[in-house]
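Look through the sequence and the structure below before reading on.

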Amino acid sequence: MAGFFDIKVTRKLIFIFAAISILLVGISVASLLYLNHTINRMSDSLYEDVFENSELILSADRDLYQAAIALHSSMSSNLTDAERDQFIQEFKDNNQQAQERVGLASSDIRSINKPYSDLKQANILTELENELHAFETSLVLWKNTGSKLIAERMQIGWDPASYHAVNLNMQLNEVRTHLDQSEDLVDTYALQVTDGFQDKKSALFALYSLVFFILLLVIIYLGRKIIWLKNEMLEEQTLYQLIGETMSDFIILTDPNGLILYSSPSHSSILGYVPKKGDPLSNYIREPEIAWAKLKSIVQGTPRISELRMRGAEGQWVWLETKVSPVRGSNNFPAQFMLVSREITQRKQYEERLHKLAFYDHLTAIPNRAHFKMYMENLINQPEERRKNIALALLDCDRFKQLNDTLGHLAGDEFLQLLSRELLQTVKGVGQAFRIGGDEFAVVLHRFTSPEMLDEMLQRLLKLFNKSWSIDNGSSFHTSASIGVALFPENGSSINELLRAADLAMYLSKDHGGNEANLYYDLLDVGLANQTIGKP
């Protein structure tokens with residue numbers, strides 16, 4: 001764990017490595033971005049100004065050739081009217097396509113506002129634009145000549161001998177000559193752009209090489225500085241390691257994200273292993289999200305004591321009292337967390353036994369009257385928006401005194417233990433059962449949504465009691481239950497009011513002979529006010 005606490009040396013190392021990283025990344029990124037930008041411009045230029053425009057010009061030349069073939073074919077005297085009309089349409093369509101393709105190429109050339117390197121490229125673009133304009137002019141003459149011949153051909157009495165292809169071909173060659181010269185100019189322009197790019201790239205690499213050489217010198221200097229600092233830290237590391245490995249306390253150092261940087265060997269004495277460097281601390285702590293949130297809550301605070309459980313090698317949980325301290329880094333923010341712990345498993349076990357003695361019945365091991373009051377207070381005091389329907393059911397065993405009188409108190413205790421276990425299973429998921437004295441139990445139901453659902457739960461409780469129990473080495477005992485139910489807040493807003501209402505309802509069930517569940521209602525007080533009800 002050495003060197004972690006020497007803030008001054010750590011800051012030096014962080015500064016040195018940060019400087020190296022910034023220099024390397026800055027120069028590399030700047031060079032690559034510029035080179036990439038140049039390459040992209042070159043690629044775009046070659047595609048848009050050369051390949052695409054060259055393809056347009058070549059396609060226009062093919063269109064003119066097809067138009068000439070169609071024109072010559074339409075002059076034949078052996079054609080039907082349909083065939084002649086088809087050749088005439090091909091002549092028009094091909095001329096129109098050629099004109100559109102060259103027009104598109106001209107538009108692309110005019111859109112180049114900033115030639116890349118010198119005046120030569122600007123002159124080439126001007127010549128190219130002039131050639132394409134001359135092509136359009138000669139194309140109009142060629143189209144007019146062809147259209148005139150077609151018009152003469154359509155007249156009655158046309159003489160085939162009057163058609164001379166030589167003049168027509170000369171006009172066509174003049175048009176195609178402008179296309180050939182335009183294509184040559186496009187190729188020349190592409191070659192000059194490529195040469196200009198190569199010159200820029202060479203200059204860029206020369207500059208990059210010079211800067212990189214300087215950077216290497218800086219790295220060598222900083223590397224020697226780091227080695228000197230590292231040797232100094234290693235001397236201190238030996239001292240810190242000696243202290244950490246001989247301490248009886250358990251020490252863990254983490255980074256701000258909870259990754260373990262150091263664990264003292266003393267952990268093996270209680271855990272059976274030493275937490276691994278690089279593992280998340282949450283891997284070893286029970287309920288890791290909650291536990292780690294506790295640790296991070298002290299980022300802006302002072303050291304505090306926390307109680308944590310760590311998993312042992314055999315799967316057991318070991319309680320630790322842990323002092324968590326932030327190890328400050330730069331700008332007053334913690335660079336690490338240091339956990340110094342001591343074992344408190346026996347103390348926690350003793351506290352747990354005291355808790356059980358205070359809140360659980362010693363005979364049946366289910367929650368007792370004190371636990372019942374705490375449970376009810378928590379439900380009643382919930383905020384109104386989170387408050388649920390609550391039903392308090394008091395259950396009294398019918399004929400339990402007969403069991404004690406005939407089979408003895410040990411048999412009665414055995415019956416209560418069996419009953420308590422099954423009662424807990426019966427209400428699991430819908431509420432909680434409590435033993436509040438003798439053979440009297442309380443069940444708090446708070447997960448029902450309708451009267452029908454509550455009635456179903458009460459019938460399940462009656463069915464649980466109304467059966468024969470095998471106790472005292474095979475002796476059989478049949479019992480039932482008298483149940484009284486009070487609803488919150490309809491029948492009372494406090495625990496005492498609810499207990500009184502449920503108690504009255506329960507004794508009404510007893511008066512009816514038992515094995516019955518009754519809900520408290522307002523007239524119950526009037527009906528029983530003048531009666532003296534004694535517990536059986």
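The term pLDDT stands for the predictor's confidence in each residue, on a scale from 0 to 100. This is a predicted model, and pLDDT stays under 50 over residues 1-7. For that stretch the model has 23 contacts beyond four places in sequence. Residues 529-536 also keep a pLDDT under 50, and nine contacts beyond four places in sequence are found for them. Where pLDDT is low, the predicted coordinates should not be read in detail.

The average pLDDT of the chain is 77, and 77% of the residues score at least 70. Among the elements, strand S8 (residues 440-445) has the highest mean pLDDT, 93, while helix H13 (residues 523-529) has the lowest, 52.

The chain holds 13 helices and eleven strands. Of its 536 residues, 40% are buried. Among contacts with a separation of 6 or more, 64% join residues 24 or more positions apart.

The largest nonpolar core has 32 residues, of which Phe415, Leu445 and Ile483 touch the most other members. Elements that each supply at least two residues of this core include strand S6 (390-398), helix H10 (409-427), S8 and strand S10 (475-488). Helix H11 gives the most, with seven residues. Leaving aside residues up to four places away in sequence, Phe415 touches Cys397, Phe400, Leu403, Trp469, Ile471, Phe477 and Thr479. A second, separate core has 31 residues, among them Ile124, Leu132, Phe135 and Tyr189.

How values were computed
Residues are numbered from 1 along each chain as its sequence is written. This is a predicted model: local features need pLDDT of at least 70, side-chain atom pairs count only at pLDDT 80 or more; totals for chains, interfaces and linings use all residues. Side-chain values use heavy atoms; hydrogens and water are left out. Helices (H or I, at least four residues) and strands (E, at least two) are DSSP runs, numbered from the N terminus. Contact means heavy atoms within 4.5 Å. A nonpolar core is a set of buried Ala, Val, Leu, Ile, Met, Phe, Trp, Tyr and Cys residues joined through side-chain atoms within 4.5 Å. Buried means under 20% relative accessible area, exposed over 50%, partly exposed in between (1.4 Å probe, protein chains only).
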